[in-house]
Amino acid sequence: MEAVELRVGFVGAGRMAGGLARGLLRAEKVPASNVLASAPSDKNLDAWQESGCRTTHCNLEVLQESTLVFLATKPHILPGVLQEIRPAVGPHHIIVSLAAGVTLQTLQRAGAMVFARGSSAGDREAALLKSLLSSCGLCEEVPESYINIHTGLSGSGVAYVYLFAEALAEGAVKMGMPGGLASRIAAQTLLGAAKIMLETGEHPAKLRGDVCTPGGTTIHALHQLEKGALRATVMNAVEAATNRARDMAED
Ligand SMILES: NC(=O)c1ccc[n+]([C@@H]2O[C@H](COP(=O)([O-])OP(=O)(O)OC[C@H]3O[C@@H](n4cnc5c(N)ncnc54)[C@H](OP(=O)(O)O)[C@@H]3O)[C@@H](O)[C@H]2O)c1
């Protein structure tokens, strides 16, 4: 099945659905006229119409009109929605729940997504989803048990990275550099380091070792980070967010 012939539906038309739809449209994976979104109010639907997508207040219509359907309501709404749409779900549907795992930021820019498939989703469906979501960034299929870990690593992880970027820049401000310039250099530094990690596939410890001249500036700085237990603190943060995501999924 060609991606361009796809009809993509969204049940729930808020921030997550909007971010994903923008990614798919920008990458021209699907024409706007083949996208249908539903929500009870017009609050979010107006923006969808402006970008050429079709909208409805009827969730069943989304199922009737679409092959690939993203469920993008808040988690506590989802059980009722599932009950409502169940009669319209057929074997041709690929149903993807966004109910946990990634932030809007992740979808729009940071671009790291994972998905797990249910027992009736086959290789063809997984390949199609991967091809579509890859237009919004890195996309990997994982076992379901990794979904909450992904929230702790990436969904929430963007916030840890911002905190680190802020601290980097403030260090430079402390030493006399203007804040705006320091922020831009901090962002560029993170981008460059991330690109090298992805391009080389090297373990970060190896890359870090490579930039440490014996007796040089970097090893002196790293010693301070070790004294502040940066690594243990970040590991604790990922653990805390993963556990919180797990608890929220069980609520
Ligand atoms: N775990 C994570 O890291 C993470 C992070 C962010 C989001 N998410 C998940 O992504 C999902 C969506 O979040 P969001 O931030 O996009 O929420 P949102 O902006 O509040 O959007 C929710 C959408 O659902 C619609 N809706 C409400 N009741 C509905 C119903 N009965 N049938 C159909 N649509 C209905 C809302 O309609 P109106 O437009 O009329 O209000 C709105 O368009 C949630 O499940 C959330 O958990 C997960």
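Biologist: Which residue forms a salt bridge with E65, and how far apart are the closest N and O atoms?

Modeller: This is a predicted model, where local features need pLDDT of at least 70, side-chain atom pairs count only at pLDDT 80 or more, and totals for chains, interfaces and linings use all residues. Residues are numbered from 1 along each chain as its sequence is written, and side-chain values use heavy atoms, with hydrogens and water left out. A salt bridge here is a side-chain nitrogen of Lys or Arg within 4 Å of a carboxyl oxygen of Asp or Glu. By that rule the partner of E65 is R54, and the closest N and O atoms are 3.1 Å apart.

Biologist: Where do E65 and R54 sit, and how many residues apart are they?

Modeller: Helices (H or I, at least four residues) and strands (E, at least two) are DSSP runs, numbered from the N terminus. E65 belongs to helix 3 (residues 59-65) and R54 to strand 3 (residues 54-56), so the pair links distant parts of the chain. Their separation is eleven residues.

Biologist: Is E65 buried or exposed, or partly exposed?

Modeller: Buried means under 20% relative accessible area, exposed over 50%, and partly exposed in between (1.4 Å probe, protein chains only). R54 is at 29%, so R54 counts as partly exposed. E65 has a relative accessible area of 32%, so E65 is partly exposed.

Biologist: Why are K206 and D210 separated by about one helical turn?

Modeller: These two form a salt bridge, with the closest N and O atoms 2.9 Å apart. Both are in helix 10 (residues 204-210), and the spacing is about one helical turn because they are four residues apart.

Biologist: What is the N to O distance where the side chains of R231 and E226 meet?

Modeller: R231 counts as exposed because its relative accessibility is 52%, while E226 is partly exposed at 40%. Their side chains meet in a salt bridge, N to O, at 2.9 Å.

Biologist: Which residues form the nonpolar patch on the surface?

Modeller: Patches take residues with over 30% relative accessible area and no salt bridge; like charges are joined within 9 Å, nonpolar side chains (Val, Leu, Ile, Met, Phe, Trp, Tyr) within 5 Å. Accessible areas come from Shrake-Rupley with a 1.4 Å probe, and for residues only the protein chains shown count as cover. The patch has about 360 Å² of accessible area together, and its members are F164, L168, L225, L230 and V234. Helix 8 (157-174) and helix 12 (230-250) are the elements that give two or more residues to it.

Biologist: How far is an oxygen atom of the ligand from a polar backbone atom of T73?

Modeller: For polar contacts, take pairs of N or O atoms within 3.5 Å; within protein, one must be able to donate a hydrogen and the other to accept it, and residues adjacent in sequence count only if both atoms are side-chain atoms. For the polar backbone atom of T73, the distance is 2.6 Å.

Biologist: What share of the ligand does the protein bury?

Modeller: Taken alone, the ligand exposes 920 Å². Of that, the protein buries 80%.
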